[in-house]
Structures are given as C-alpha cells and as structure tokens.
Amino acid sequence: MLGFQDECWWTRLAQPDLFAWTTSGPLRLGGNARDPKGGGPEALACYGVLRADTGGMMLRFCDGRPVSATTEAFLGWVCEVLATEGKAVLALVWDNAAWHVSRRVRRWVEAHNRRVRRAKAGCRIRVCGLPVKAPWLNPIEPKWVHGKRAIVEPDRKLTAAEVRQRACNYYGCTLHPTLPKPQP
C-alpha cells in the first residue's frame with residue numbers, strides 16, 4: 001500500500017485562513033485568547049497517513065510533540081492495522097523531519113522489517129523520502145489545510161477533546177487513544 005505520512009499541529013488559539021466573497025470588507029476570524037488557568041494544551045500534535053488505496057486517512061494524536069519514539073509507536077500501529085487487512089508492504093512517503101530521518105527511527109524500521117521477514121507475517125515498511133524543502137509534493141498537506149478549516153469554531157476556543165473528535169469525524173476516522181509521551 002502506498003501511504004503519505006506527515007504530522008500537523010491543530011492549534012486551539014489561532015484560526016486558519018479562510019476566504020469568502022463579500023461586498024463589504026474582508027471577513028476575518030480573530031485569534032482566541034489564552035486561558036489564564038491553563039485549560040489544556042494550546043496545540044495538539046497529530047500523526048497521519050493518507051492512504052492511496054482508499055483515499056482515507058489514518059490519524060493518531062499524541063501527547064507532546066512528534067519525536068522519534070512516538071513516530072515508532074505510530075508506525076507500529078499503522079503496520080498492525082495494515083497487516084490485519086492483508087497488506088504486506090507499506091511504501092511510506094514522508095519528508096525529512098528530524099524524527100523521520102533519525103538514526104533511532106531508521107534502526108527501528110530495519111528491526112521491524114527483520115521481524116516481519118522472520119515471522120513471515122505482518123507489514124514491512126519501505127521508506128520513500130521526499131526531497132528537502134518540498135512539502136508540496138506530499139498530497140497529505142492540503143488535506144491538513146482543509147481539515148483545519150472545516151473544524152474551526154469562529155466564536156470560541158475548542159477543547160482538546162473537541163478538536164480530536166472533530167478532526168476524526170471530518171476525515172472519517174475512528175478516534176483512537178493518544179500516543180503517550182515517551183518517558184526519558
């Protein structure tokens with residue numbers, strides 16, 4: 001299966017750019033104010049894979065920011081799902097983010113592929129990197145933009161749970177538990 005992978009931040013403060021025809025001045029969404037008591041994370045990190053076979057998305061939100069350990073957990077989950085569907089190889093297209101090209105993730109992918117070959121079951125990963133500074137070549141990028149525009153709430157800041165649920169509803173995904181923050 002060909003899959004396009006990327007991460008994005010779903011901010012709860014800044015509103016996405018929206019465009020509309022109007023006879024008066026331009027329509028603008030103002031930024032939401034920070035909650036002085038905290039109120040949860042201001043932005044949520046999300047891993048996603050755009051599937052070329054179905055056009056669907058596979059999403060997992062994570063605690064904290066994307067790092068190598070969280071990337072490994074996400075790839076493991078993706079491979080489990082694809083293996084249950086009978087997929088033998090995931091051709092994974094992604095950019096050159098530090099947590100993609102890290103030695104740790106490369107070693108994890110190699111070890112994962114060895115385990116799958118030995119067991120003669122599972123889904124191997126074939127990494128296909130994009131050129132440096134060419135994110136527009138990844139078809140998942142416009143999907144993120146459209147999703148952010150679709151779930152926006154012009155009158156209030158959404159809770160973290162609402163952002164997760166609305167994103168999953170928009171992409172037609174099941175909301176899975178967040179990937180935990182790796183322990184040091």
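## A chat about strands, helices and loops

Visitor: Which residue in β3 is the bridge partner of Ala45?

Guide: Cys62 in β3 is the bridge partner of Ala45. Two strands count as paired if DSSP finds at least two bridges between them. Strands here are DSSP runs of E with at least two residues, helices are runs of H or I with at least four, and both are numbered from the N terminus.

Visitor: What kind of model is this?

Guide: This is a predicted model, in which local features need pLDDT of at least 70 and side-chain atom pairs count only at pLDDT 80 or more, while totals for chains, interfaces and linings use all residues. Residues are numbered from 1 along each chain as its sequence is written, and side-chain values use heavy atoms, leaving out hydrogens and water.

Visitor: How many helices and strands are there?

Guide: The protein chain has five helices and five strands. Along the sequence they come as β-β-β-α-β-α-α-β-α-α.

Visitor: In what order do the strands sit in the sheet?

Guide: The order is β3-β2-β1-β4-β5, in an open sheet with mixed pairing. On average, neighbouring strands are turned by 30 degrees against each other, direction ignored.

Visitor: What holds strands together in general?

Guide: Strands of a sheet pair through backbone hydrogen bonds, either parallel or antiparallel.

Visitor: Back to β2. How many bridges does β2 share with β3?

Guide: β2 (residues 43-51) pairs with β3 over six bridges, in the antiparallel sense. Val49 faces Met58 in β3. The two strands form a hairpin with five residues between them, and Gly55 in that turn has a positive phi of about 80 degrees.

Visitor: And how many bridges join β1 to β2?

Guide: Nine, and these strands run antiparallel. Gly3 stands opposite Arg51 in β2.

Visitor: How many residues of β2 are buried?

Guide: Eight of its nine residues are buried, so β2 is largely enclosed by the rest of the structure. Buried means under 20% relative accessible area, exposed means over 50%, and partly exposed lies in between, using a 1.4 Å probe and protein chains only. Of the 184 residues in the protein chain, 41% count as buried.

Visitor: Which strands does α1 lie across?

Guide: Helix α1 (residues 68-84) lies across β1 (2-11), β2, β3, β4 (89-94) and β5, and runs at about 145 degrees to β3. Axes are lines fitted to C-alpha atoms, for helices over the stretch in contact, and angles run from 0 to 180 degrees between N-to-C directions.

Visitor: Where does Thr70 lie?

Guide: Thr70 is in helix α1. Thr70 is buried, with a relative accessible area of 1%. Leaving out residues up to four places away in sequence, Thr70 touches Tyr47, Cys62, Arg65, Leu179, Pro180 and Pro182. Contact means heavy atoms within 4.5 Å.

Visitor: What about α4? Which strands does α4 lie across?

Guide: α4 lies across β1, β2 and β3, at about 35 degrees to β1.

Visitor: How do α4 and α5 cross?

Guide: The axes of α4 (residues 140-151) and α5 (residues 160-171) come within 10 Å and cross at roughly 120 degrees. The two helices are therefore oblique to each other. Under 35 degrees is roughly parallel, over 145 roughly antiparallel, 65 to 115 roughly perpendicular, and the rest oblique.

Visitor: Which residues meet there?

Guide: From α4 come Lys143, Trp144, His146, Gly147, Ala150 and Ile151; from α5 come Val163, Arg166, Ala167, Tyr170 and Tyr171. The residues of this contact divide into seven nonpolar, two polar and two charged. Nonpolar covers Ala, Val, Leu, Ile, Met, Phe, Trp, Tyr, Cys and Pro; charged covers Asp, Glu, Lys and Arg; the others, Gly among them, are polar.

Visitor: Is Val152 buried or exposed?

Guide: Val152 counts as buried, at 18% relative accessibility. Val152 lies in the loop between α4 and α5.

Visitor: What is phi for Lys133?

Guide: Lys133 has a positive phi of about 55 degrees, although not a glycine. Lys133 is in the loop between β5 and α4, and is exposed, with a relative accessible area of 73%.
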